[in-house]
There are 2 protein chains.
Amino acid sequence: MKTKVSLLLTGSELMNGDVTDTNSVIFAEHLNDIGLSIDKKVTIGDDQDLLAIEIAQLSQGSDVLIINGGLGPTVDDLTAQVLATACSVNLVLHQQAHQHLKLWAEKRKTVLNAPNLKQAYLPENSTVIANKTGSAVGFSVEFNQCLIICTPGVPSELTHMLKEEIVPSLIKSFSAPKHNEIARLHLFGIGESNLQALINSTFPDWPNEITIGFRAAMPILELKLITCCEKGQVLLPQWLEKLTSLLDAHILGTGANENSTIADYLVPLLIESKQKITVAESCTGGLIASQITAIAGASAIFEAGFVTYSNEMKSKMLGVPVTTLIKHGAVSEATVLAMAQGALINSDADFTIAVSGIAGPDGGTEDKPVGSVWIAWGDKNKIQAKYYCIPVARKYFQQVVAARSLDLIRRMLINSNNSAYYDK
Amino acid sequence: MKTKVSLLLTGSELMNGDVTDTNSVIFAEHLNDIGLSIDKKVTIGDDQDLLAIEIAQLSQGSDVLIINGGLGPTVDDLTAQVLATACSVNLVLHQQAHQHLKLWAEKRKTVLNAPNLKQAYLPENSTVIANKTGSAVGFSVEFNQCLIICTPGVPSELTHMLKEEIVPSLIKSFSAPKHNEIARLHLFGIGESNLQALINSTFPDWPNEITIGFRAAMPILELKLITCCEKGQVLLPQWLEKLTSLLDAHILGTGANENSTIADYLVPLLIESKQKITVAESCTGGLIASQITAIAGASAIFEAGFVTYSNEMKSKMLGVPVTTLIKHGAVSEATVLAMAQGALINSDADFTIAVSGIAGPDGGTEDKPVGSVWIAWGDKNKIQAKYYCIPVARKYFQQVVAARSLDLIRRMLINSNNSAYYDK
């Protein structure tokens with residue numbers, strides 16, 4: 001039977017918005033490694049009554065309950081006291097914890113004061129868990145047939161304790177034979193709903209054993225295939241392959257984080273093929289260049305970017321004819337084509353991007369509303385241009401325009417005829 | 001009686017460590033502003049049964065239950081279905097939600113597909129909450145004498161909906177008599193520990209009724225003065241004034257969010273004084289220009305940016321003498337001064353910034369290690385340059401260089417002689 005794991009996070013700083021909870025990710029990663037997952041997570045401020053009730057409830061429904069935080073020396077650190085109350089046992093001076101504190105103080109050439117000493121009082125029958133870096137030991141008790149483990153809130157101490165002490169001990173009693181597996185694909189050029197519709201229509205026989213999940217890490221979409229059983233593990237590779245050939249050029253790769261941009265995937269392709277890129281930016285104002293140069297090694301494939309925000313600068317820096325600007329306006333096919341051409345000539349690059357649009361909130365007209373943008377992209381043989389309307393907030397508009405521009409070059413580089421959904 | 005507020009966060013990505021929960025902070029900040037606080041927070045994966053049980057339990061003990069996430073178009077978005085089940089009502093096509101989706105699709109010149117349309121099905125008797133930026137409307141229902149509010153997981157959509165819709169409506173029914181008050185100052189050019197030491201030494205008589213808090217929203221530091229009692233409320237304005245005159249030019253302003261940059265404060269100053277700025281960027285590769293042009297109205301004060309990544313382009317685009325580059329190298333005082341001068345002349349701006357440095361991870365030498373950077377800044381009368389060493393990861397280095405460059409111009413504009421701690 002699946003081990004039920006609950007997590008109770010304590011601390012008013014987690015409730016009032018002062019602190020972002022990053023410990024949850026640390027717990028998830030360490031537990032997932034040994035085939036365990038967290039079923040429920042509860043967060044509560046430093047309130048004795050609420051904490052005691054929660055410990056009683058969570059311990060009843062769980063095999064393992066991990067409590068995080070509240071082990072420190074100050075008055076708002078309540079975990080040991082509350083746990084003793086919840087389990088109806090006394091708080092006692094624990095010799096091993098006391099010893100740890102004495103050594104800790106000795107090392108720092110300091111004397112244990114009363115608040116420090118408080119950390120040596122643990123619920124009766126606790127098992128101490130070593131803390132090699134901080135003053136607060138962890139501890140565990142059995143209650144309601146549930147193993148309750150108390151852990152420190154300081155992320156570095158927690159990480160250390162999980163790795164060295166808790167995970168090795170959980171493996172012995174609870175580790176599941178590991179059938180859970182996750183495959184990830186990172187995509188651009190197809191949205192969640194189109195992707196879901198495409199999968200539904202292409203694979204009516206999609207196996208129940210493989211769950212599909214999505215995560216939007218703008219502008220990139222992560223598609224996850226998740227399986228928790230033996231049969232699913234066997235099926236996963238072949239269905240991943242089917243999806244891979246279905247999604248084709250929409251696939252950027254298999255690794256992305258919250259800050260990834262399309263440049264993370266394009267720059268390595270350029271480096272590999274030893275080709276350079278340049279950009280002429282109006283409405284994105286340097287964003288495309290900055291995304292390219294954020295990638296280590298960009299200097300091999302990028303020499304110059306032209307941020308031409310005013311019409312005059314489009315002419316002066318890129319040679320866009322004044323007549324073109326007067327006749328067609330800055331946001332026009334003729335202008336972006338001339339910008340792209342000018343950047344290519346001035347920088348001697350292989351690929352070029354030019355964008356001109358109306359990021360808003362002002363500057364829209366009936367003909368060219370806020371969100372209008374012309375993107376030109378190409379190489380020495382051919383430069384083409386396309387109009388898009390992306391009526392979203394200014395910064396998001398700039399992000400989308402940057403992503404699409406870089407994606408259009410990426411599709412050229414991988415010789416894809418599979419156009420993005422934004423081009424359909 | 002105190003209003004009891006619970007928060008239910010849904011999404012397997014919050015359980016398996018894929019995503020750090022940042023929405024909790026958004027909720028806390030908006031609710032705290034109107035005297036409400038969150039008593040309990042539960043996080044659960046995309047599991048219908050667990051979610052239904054939790055909705056039933058939390059709604060019984062709360063006046064307000066806010067559910068976050070699970071409103072999207074895909075099969076793992078379960079909130080509407082689960083809430084209908086928990087409340088024993090049907091899921092029905094909601095006309096207002098349907099209308100919203102049709103408009104949303106129309107604006108994007110796309111057609112609603114089945115997964116999209118799913119978002120128009122809400123529990124019977126739901127009240128729709130407008131979503132101005134995304135496809136998923138929010139909605140609320142009354143159940144167990146608890147107001148249940150369902151909100152989107154995308155942070156930008158959530159923030160908008162809280163500010164425009166949910167907070168104004170909660171104020172009417174639930175807002176508490178308010179003694180808690182928070183004053184915020186946003187700072188740059190002084191770090192947490194220097195700030196704490198400065199306050200300690202200047203104000204030994206700091207009143208107990210006002211707590212000081214810090215929040216680092218890189219690169220900006222937020223200083224919070226928090227009070228929860230009547231006396232503190234009376235004292236707050238005068239101590240805020242004392243701090244304001246102490247911190248002087250380090251103060252950017254009083255409003256910042258996680259994505260704020262120094263440009264948010266500099267661009268309005270430039271607009272107000274009708275002066276233009278230009279930038280010549282090597283190691284930041286367009287980041288400074290993109291931060292300036294991310295601000296609405298930037299076209300009034302910015303015409304051109306020069307991303308000169310290679311030496312050749314520094315000469316070609318900015319007129320940096322080839323001899324200067326050969327003699328002093330790209331990362332040198334002479335080069336950034338020439339870059340700044342070249343940008344000023346070519347763009348006819350009032351202020352200029354130039355940066356050249358080694359962002360790493362490669363390219364460092366013994367003389368000029370990774371993290372070295374020369375920044376030049378000034379106007380038509382005087383351009384000066386300074387060397388900094390900021391040995392941090394590439395993207396963070398670029399952010400710090402951009403922030404300092406813009407801050408140096410900001411201090412010129414406000415005629416400050418109070419130099420930043422990075423210059424001490």
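**Entry 1: the model.** I am working from a predicted model.

**Entry 2: the sheet.** I traced an open sheet of 10 strands with mixed pairing. Its order is β17(A)-β16(A)-β15(A)-β13(A)-β14(A)-β14(B)-β13(B)-β15(B)-β16(B)-β17(B). I then looked up the edges: they are β17 (383-389) of chain A and β17 (383-389) of chain B, each pairing on one side only. On average, neighbouring strands are turned by 10° against each other, direction ignored.

**Entry 3: where the chains join in the sheet.** I checked β14 (residues 302-308) of chain A against β14 (residues 302-308) of chain B. The two run antiparallel, joined by five bridges. Phe306(A) stands opposite Phe306(B). Val307(A) has Gly305(B) as its bridge partner.

**Entry 4: helices on the sheet.** I followed two helices of chain B. Helix α14 (residues 333-347) of chain B lies across β13, β14, β15 (351-357), β16 (372-379) and β17 of chain B. This helix runs at about 145° to β15(B).

**Entry 5: the contact.** I find 61 residues from chain A and 64 residues from chain B in the contact. On the chain A side, elements giving two or more residues include α2 (23-33), α8 (192-202), β14 and α15 (394-413). By class, the chain A side has 27 nonpolar, 22 polar and 12 charged residues.

**Entry 6: domains.** I noted three stretches in chain A: domain 1 (5-174), domain 2 (181-253) and domain 3 (263-423). The centres of domain 1 and domain 3 of chain A, taken over C-alpha atoms, are 53 Å apart.

Technical notes. Residues are numbered from 1 along each chain as its sequence is written. Chains are lettered from A and ligands numbered from 1 in the order in which they are written. This is a predicted model: local features need pLDDT of at least 70, side-chain atom pairs count only at pLDDT 80 or more; totals for chains, interfaces and linings use all residues. Two strands pair if DSSP finds at least two bridges between them. Helices (H or I, at least four residues) and strands (E, at least two) are DSSP runs, numbered from the N terminus. Axes are lines fitted to C-alpha atoms, for helices over the stretch in contact, and angles run from 0 to 180 degrees between N-to-C directions. Two residues are in contact if their C-beta atoms, placed from the backbone, lie within 7 Å. Domain bounds come from an automatic or database domain assignment. Ala, Val, Leu, Ile, Met, Phe, Trp, Tyr, Cys and Pro count as nonpolar, Asp, Glu, Lys and Arg as charged, and the others, Gly among them, as polar.
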